[in-house]
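Hi,

Here is the structure I promised to pass on to you. Have a look at it first, then read my notes below with the viewer open.

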Amino acid sequence: MPRKHLVASQTNKKQQLQAKLWQKLAREIKAAVKVGGTNIEANPRLKAAVDKALQNNLSRDSIERNINGSHKDSNELSVKEFECYGPSGIQIVVSALTDNINRTISNLNGYLSKLHGQIAKPNSVKIFFDNVGYIVIYKSNISVDKIMETTLDYNIIDIIEQEDAIEIKTNPGDFYKVKDVLTTIGVKIFNSEIRLLPQNPIESLDSDTKTRLEKFIDSCDQDDDIQWVVTNYEGE
């Protein structure tokens, strides 16, 4: 394939993935509004959805349209979480936002079959994950000592120094407070969200299982009904 065609193909795929992500973000905003109303400050789920949308470059105009126009959406979206087991001790939580639960379950079972996994009983997998505030900041303009000093009044679970970044894990209740205080001292935040983190992460898998897991996650990412997937695999 000529190089210019290869570059065009790669660019088109990237644009398709971006459009798919924006679609999921918009659906989450609509669902959050249906659950808790249009007031961002009074609706934690909506606030989290908007924050994530902004981090992923969804325009403010699009965000406003999805907040204010969600009541016109005729689809009755419902949230469903699936807890799953995979081979080699893999633990998986899948969050879906769907208007057809049977379709979603059928698709998920198909993806799990190729992984050699299965849907588990409720509360049999999620108990091995902790819900935490997760903030990643650029390391260039702040030290760990300064972060500890600045966040002394808040419930910080852990601070992890990486080569180019610093990860901060907080109690979910203090997540936005920590974000706000870091912003006031000029810290540049790379990523932030309230997310599930595994208590006992797996750091290595055999090549076949790793490939199957990657394909499973990719299939979930491509599925319009599935919002996100977390696993206890943290290897490269």
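Below is what turned up, going through the sheets, the helices and a few side chains.

One thing before you start: this is a predicted model.

**The sheet with β4 to β7**

Let's begin with an open sheet of four strands, in the order β5-β6-β4-β7, with antiparallel pairing. Its edges are β5 (156–161) and β7 (189–198), and each of these pairs on one side only. From one strand to the next, the twist averages 20 degrees. If you want to see the pairing up close, go to β5 and β6 (residues 165–170), which run antiparallel to each other over five bridges. Ile159 has Ile168 in β6 as its bridge partner.

Which helix packs on this sheet? Helix α6 (residues 175–184) does, and it touches β4 (129–138), β5, β6 and β7. The direction of α6 makes about 10 degrees with that of β4.

While you're here, look for aromatic rings. The structure holds two aromatic pairs. One of them is Tyr138 with Phe190, an edge-to-face pair at 5.5 Å centre to centre, with 75 degrees between the planes. Tyr138 sits in strand β4 and Phe190 in strand β7, so this pair links distant parts of the chain, 52 residues apart.

**The sheet with β1, β2, β3 and β8**

Another open sheet has four strands in the order β3-β1-β2-β8, again with antiparallel pairing. Here the edge strands are β3 (118–119) and β8 (226–231), each pairing on one side only. Strand β2 (residues 91–98) and β8 are joined in the antiparallel sense by five bridges. Look for Ser95, which stands opposite Trp228 in β8. Helix α7 packs on this sheet and touches β2 and β8, its direction making about 155 degrees with that of β8.

**Two helix pairs**

Now follow α7 (residues 207–222) to a helix partner, α4 (residues 101–115): their axes come within 9 Å and cross at roughly 170 degrees. Angles over 145 degrees count as roughly antiparallel, and that makes α4 roughly antiparallel to α7. The crossing is right-handed. On the α4 side, the contact is made by Leu108, Tyr111, Leu112, Lys114 and Leu115, and on the α7 side by Arg212, Leu213, Phe216, Ser219 and Cys220. What kinds of residues are these? Seven are nonpolar, one is polar and two are charged.

The other pair to look at is α2 (residues 44–55) with α3 (residues 60–68), packed at an angle of about 155 degrees with their axes 10 Å apart. These two helices are therefore roughly antiparallel to each other. The crossing of α2 and α3 is right-handed. Leu46, Val50, Ala53 and Leu54 come from α2, and they meet Arg60, Ile63 and Ile67 of α3. This contact has six nonpolar residues, no polar ones and one charged.

**One last residue**

Leaving out residues up to four places away in sequence, Lys20 touches Asp221, Gln222 and Asp224.

Key:
Residues are numbered from 1 along each chain as its sequence is written. This is a predicted model: local features need pLDDT of at least 70, side-chain atom pairs count only at pLDDT 80 or more; totals for chains, interfaces and linings use all residues. Side-chain values use heavy atoms; hydrogens and water are left out. Axes are lines fitted to C-alpha atoms, for helices over the stretch in contact, and angles run from 0 to 180 degrees between N-to-C directions. Angles under 35 degrees count as roughly parallel, over 145 as roughly antiparallel, 65 to 115 as roughly perpendicular and the rest as oblique. A crossing is left-handed if the near helix is turned anticlockwise from the far one by less than a right angle, and right-handed if clockwise. Contact means heavy atoms within 4.5 Å. Ala, Val, Leu, Ile, Met, Phe, Trp, Tyr, Cys and Pro count as nonpolar, Asp, Glu, Lys and Arg as charged, and the others, Gly among them, as polar. Two strands pair if DSSP finds at least two bridges between them. Rings of Phe, Tyr and Trp (its six-membered ring) pair if their centres lie within 6.5 Å; planes under 30 degrees apart count as stacked, over 60 as edge-to-face and the rest as tilted.
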